[in-house]
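Trainee: Could you give me a close look at the end of the chain, and then show me how it fits with the rest? I'm new to this, so please keep it friendly.

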Amino acid sequence: MNEIMDRLAMERALKRMANEIIEKNKGTEDVILVGIQTRGVDLAQRLGRLLEEFEGRPVPVYKLDPSFFRDDRPSGTFAPMDFMGKVDGKIVVLVDDVIYTGRTVRAAMDALMVRDRPRKVELLALIDRGHRELPIRGDFIGKNVPTAYSEVVVVHLQEVDGADRVWIE
């Protein structure tokens, strides 16, 4: 087991990415954060608090389970998303813990487009481990970590696991 991020490194990365969101979008007026379940939701909530702290206004945070839209797994049960009808014309920042093949992100984009049309979709990932199978690139990356196919990146968050840390198995 090789630790690649501890609590402080994760905190620094999230603060940096929050500032990058503000800079790239000239503020947060039209920004919406959409966390991809499960750990992307907790990361999006943290980013929402940071953006509010930095900009002085709340940023909406929603969650999304894109499993129904996956092309490489049996379809899940389609459940209404908790933000349908609220992303039209907005800048949506999809938030995930690890970006790997790109299939989860593609499924999340498909889910976003079911009824709405965001002005722009950006991708934020705490860890980019490479090995993309689709032409998807993150806009905001906490850390690039080249990995072998046989390795697994494990993200633990305080809200779910009782501690903040990332390691490779």
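Mentor: Two strands pair if DSSP finds at least two bridges between them, and both helices (H or I, at least four residues) and strands (E, at least two) are DSSP runs, numbered from the N terminus. Residue numbers start from 1 along each chain as its sequence is written. The model is predicted, so local features need pLDDT of at least 70 and side-chain atom pairs count only at pLDDT 80 or more, while totals for chains, interfaces and linings use all residues; side-chain values use heavy atoms, without hydrogens and water.

Let's go to strand β8, residues 165-168. One of its partners is β1, residues 2-5, and the two pair in the antiparallel sense over 3 bridges. Look for M5, which stands opposite V166 in β8. Strand β7, residues 153-156, also pairs with β8 in the antiparallel sense, over 4 bridges. There, V153 is the residue standing opposite I168 of β8. So much for the end of the chain.

Now step back. Of its 169 residues, 49% count as buried (under 20% relative accessible area with a 1.4 Å probe, protein chains only; exposed is over 50%, partly exposed in between). Take the contacts (heavy atoms within 4.5 Å) between residues at least 6 apart in sequence: 70% of them join residues at least 24 apart.

What about overall size? The C-alpha atoms fill a box of roughly 45 × 40 × 30 Å along the principal axes. The radius of gyration (taken over C-alpha atoms) is compared with a globule rule of 2.2 Å times the number of residues to the power 0.38. A compact globule of 169 residues would come out near 15 Å, and the protein chain has 15 Å, so the two agree.

Next, visit another pair of strands. β4 and β5 run in the parallel sense and share 8 bridges; among the partners, L94 is bridged to L123 in β5. In β5, 7 of the 9 residues are buried, so this strand is largely enclosed by the rest of the structure. Helix α3, residues 103-112, has R103, V105, A107, A108, A111 and L112 as its buried residues. Those residues pack against β2 (31-36), β3 (61-64), β4 (91-99) and β5 (120-128).

Between β2 and α2 (39-55) you'll find T38, and the peptide bond leading from Q37 to T38 is cis, with omega near 5°. In the loop between α1 (7-25) and β2 sits K26. Phi of K26 is near 55°, a positive value in a residue other than glycine, and K26 is exposed, with a relative accessible area of 78%. H131, in the loop between β5 and β6 (140-144), isn't a glycine, yet has a positive phi of about 65°. With 21% relative accessibility, H131 counts as partly exposed.
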